[in-house]
Structures are given as structure tokens and as C-alpha cells.
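Here is a short report on charged pairs and one further residue. Please view the model alongside the text.

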Amino acid sequence: MTAVTTFRARYTDETSLYEHLRKIFPIGNIQIRFQRGRFHCTTPEALSATEYDDIQSKLESEHYER
């Protein structure tokens, strides 16, 4: 069963987002599409609320570290 999750991020965060998702889903298809300031990610399973919050906060903190 696949799931779609939406993250608010900048287009330059795509590589980082993919790496975070790959840590959670080492096997399986991950698709990422960027549209109007949001990434729409198709993953093999739905993310838990904790996983979602963790990725979102990492994306935000990485942006300010650059």
C-alpha cells in the first residue's frame, strides 16, 4: 500500500528529503514531486506522525544551517 505525504520545503531540499525518507524506507519506491513550495512524496507506507514531524523539523533546521 502506497501513501502520499506533503512537506513544506524549498526546492533545494529535495536531496535531503529523499535521504531522510530512504532511511525510513530502505527498500521500495519513493517518488518526490515539487509543486508550489511543497513536496508531494509517494512512499511504500504512510509515515507516522513522529516520523513526519522529525523529517519536517530536520528540513527546517538544515535550511538555516546553510
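The report below takes the salt bridges in turn, then a glutamine.

## Model and salt bridges

The model is predicted. It holds 2 salt bridges. One joins the side chains of D13 and R10. The other joins those of K58 and D54.

## D13 and R10

The N to O distance between D13 and R10 is 3.7 Å. That pair qualifies because a salt bridge needs the nitrogen within 4 Å of a carboxyl oxygen.

R10 is partly exposed, at 29%.

## K58 and D54

K58 and D54 meet at 3.3 Å, again N to O. How many residues apart are they in helix α2? K58 and D54 are 4 residues apart, so about one helical turn separates them. Helix α2 covers residues 49-65.

K58 is partly exposed, with 32% relative accessibility. D54 is partly exposed too, with a relative accessible area of 36%.

## Q56

Helix α2 also holds Q56. Q56 has a relative accessible area of 11%. Q56 therefore counts as buried, since that term applies under 20%.

Which residues does Q56 touch, leaving aside those up to four places away in sequence? Q56 contacts F7 and R8.

Notes. Residues are numbered from 1 along each chain as its sequence is written. This is a predicted model: local features need pLDDT of at least 70, side-chain atom pairs count only at pLDDT 80 or more; totals for chains, interfaces and linings use all residues. Side-chain values use heavy atoms; hydrogens and water are left out. Buried means under 20% relative accessible area, exposed over 50%, partly exposed in between (1.4 Å probe, protein chains only). Helices (H or I, at least four residues) and strands (E, at least two) are DSSP runs, numbered from the N terminus. Contact means heavy atoms within 4.5 Å.
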